[in-house]
Amino acid sequence: MKPAAYTFFVASSRKGTFRKIVVPVYVLHLLAILAVVGGITVLAAAGSYTRMLWKVGNYNALRRQQDTLKHNYEQLQSTVQDTNQRLNSLQSLATEVAMTYGFMRFRQSPFGLENASASSNAGYEQSIAQFNFLEKNVTSAALPAGGLRLLEVPGLGDLNSTPSLWPVIGHLTGTFGQRMDPFSGEGAFHTGVDISSQYGDAVRVAADGVVIEANERAGYGRLVVVDHGYGLTTFYGHLSSFNVLAGQQLHRGDTIGNVGVSGRSTGPHVHYEVRINGAPVNPMRYLRQAASAD
């Protein structure tokens with residue numbers, strides 16, 4: 001039996017001739033299948049290209065959003081840092097003025113070990129209260145010509161209880177207050193003083209007290225914090241090592257660690273802070289008194 005086929009006649013208008021083309025049915029079926037497969041392939045390629053364009057557009061939009069969020073985050077960090085610097089400066093000023101005129105007193109207990117978060121919140125609230133009080137009593141708190149002087153309080157008359165000992169013997173390379181940050185090159189509030197010394201030199205505690213922290217902290221590096229009672233604490237930062245533990249009792253002059261360059265440090269030195277009820281005050285008041293006493 002002869003296989004089924006289709007006959008096509010093709011006429012030429014130029015020569016006036018006819019041509020007969022016989023195409024088997026299976027060839028037409030094959031051509032139809034190829035056409036369907038080709039159409040599906042073209043549609044799939046077009047769809048894939050469209051999806052790729054959509055993904056590229058979304059990726060670019062996400063990149064722009066990420067860049068915007070990163071920029072906003074950096075601005076927020078800068079704002080928070082500036083706010084913290086202003087708060088430290090305000091805390092320091094409010095504490096010194098309030099104590100000078102008797103608006104605030106030292107704690108009457110020799111040592112007050114508190115929960116760290118509760119102490120931080122209490123310090124912040126106390127700073128706000130001090131500021132509000134000083135704002136209302138600004139006329140009565142006019143500074144004397146001789147400058148600020150802390151009131152004499154029980155417990156601080158003893159030299160061993162007053163943080164007046166230099167933690168290391170060296171040169172003063174960083175002062176308390178506003179200064180240029182050596183890393184960012186921008187203005188910053190320096191909450192203590194920097195005393196340069198040889199790497200590994202012994203660091204001594206400034207007065208009798210209890211260690212409340214001996215750990216690493218961002219910026220400070222290896223840090224030791226000592227509570228001297230009556231709201232007084234001292235900080236010793238950038239140590240290469242420390243040999244004390246939290247809760248350990250110390251006597252004035254005891255070695256607590258060694259000079260180093262840990263944390264944000266440009267050279268071997270000790271970052272030394274004195275804080276009253278959590279607010280940083282100028283350590284040079286005590287260090288100068290110690291120098292004059294010597």
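The protein chain of this predicted model has three helices and 14 strands. Both element types are DSSP runs numbered from the N terminus, with helices (H or I) of at least four residues and strands (E) of at least two. Residues are numbered from 1 along each chain as its sequence is written. The model being predicted, local features need pLDDT of at least 70 and side-chain atom pairs count only at pLDDT 80 or more, whereas totals for chains, interfaces and linings use all residues; side-chain values use heavy atoms, with hydrogens and water left out.

The mean pLDDT of the protein chain is 77. A value of 70 or more is reached by 68% of its residues. Here pLDDT is the predictor's confidence in each residue, from 0 to 100. Contact means heavy atoms within 4.5 Å. Over residues 138-155 the pLDDT is also below 50, and this stretch has 29 contacts in the model beyond near neighbours in sequence. Where pLDDT is low, the predicted coordinates should not be read in detail.

Of the 294 residues of the protein chain, 34% count as buried. Buried means under 20% relative accessible area, exposed means over 50%, and partly exposed lies in between (1.4 Å probe, protein chains only). The chain exposes about 18200 Å², of which carbon and sulfur atoms supply 58%. Accessible areas come from the Shrake-Rupley method with a 1.4 Å probe; for residues, only the protein chains shown count as cover. Among contacts between residues at least 6 apart in sequence, 63% join residues at least 24 apart.

The largest nonpolar core holds 26 residues. Such a core is a set of buried Ala, Val, Leu, Ile, Met, Phe, Trp, Tyr and Cys residues joined through side-chain atoms within 4.5 Å. Val203, Val224, Tyr236 and Ile256 touch the most other members. Two or more residues each come from strands E6 (193-196), E9 (221-229), E10 (232-242), E12 (255-259) and E13 (269-276), and from helix H3 (284-293). E13 gives the most, with four residues. Leaving aside neighbours within four places in sequence, Ile256 is in contact with Val203, Val205, Val224, Tyr236, Phe242, Asn243, Val244 and Leu250.

Strand E9 also contains His228. His228 is buried, with a relative accessible area of 3%. Its side chain reaches the backbone oxygen of Asp208 at 2.8 Å. A polar atom of the His228 side chain lies 3.4 Å from the backbone oxygen of Ala207.

Side chains of opposite charge can pair when their charged atoms come close. The count comes to three salt bridges, each being a side-chain nitrogen of Lys or Arg within 4 Å of a carboxyl oxygen of Asp or Glu. The side chains of Glu273 and Arg275 meet at 2.7 Å, N to O. Glu273 is buried, at 0% relative accessible area. Arg275 is buried as well, at 12%. Arg217 and Glu213 meet at 2.5 Å, N to O. Arg217 is partly exposed, at 34% relative accessibility. In the salt bridge of Arg222 with Glu216, the closest N and O atoms are 3.7 Å apart. Arg222 is partly exposed, at 30%, while Glu216 is exposed, at 54%.

Note on methods:
A polar contact is a pair of N or O atoms within 3.5 Å; within protein, one must be able to donate a hydrogen and the other to accept it, and residues adjacent in sequence count only if both atoms are side-chain atoms.
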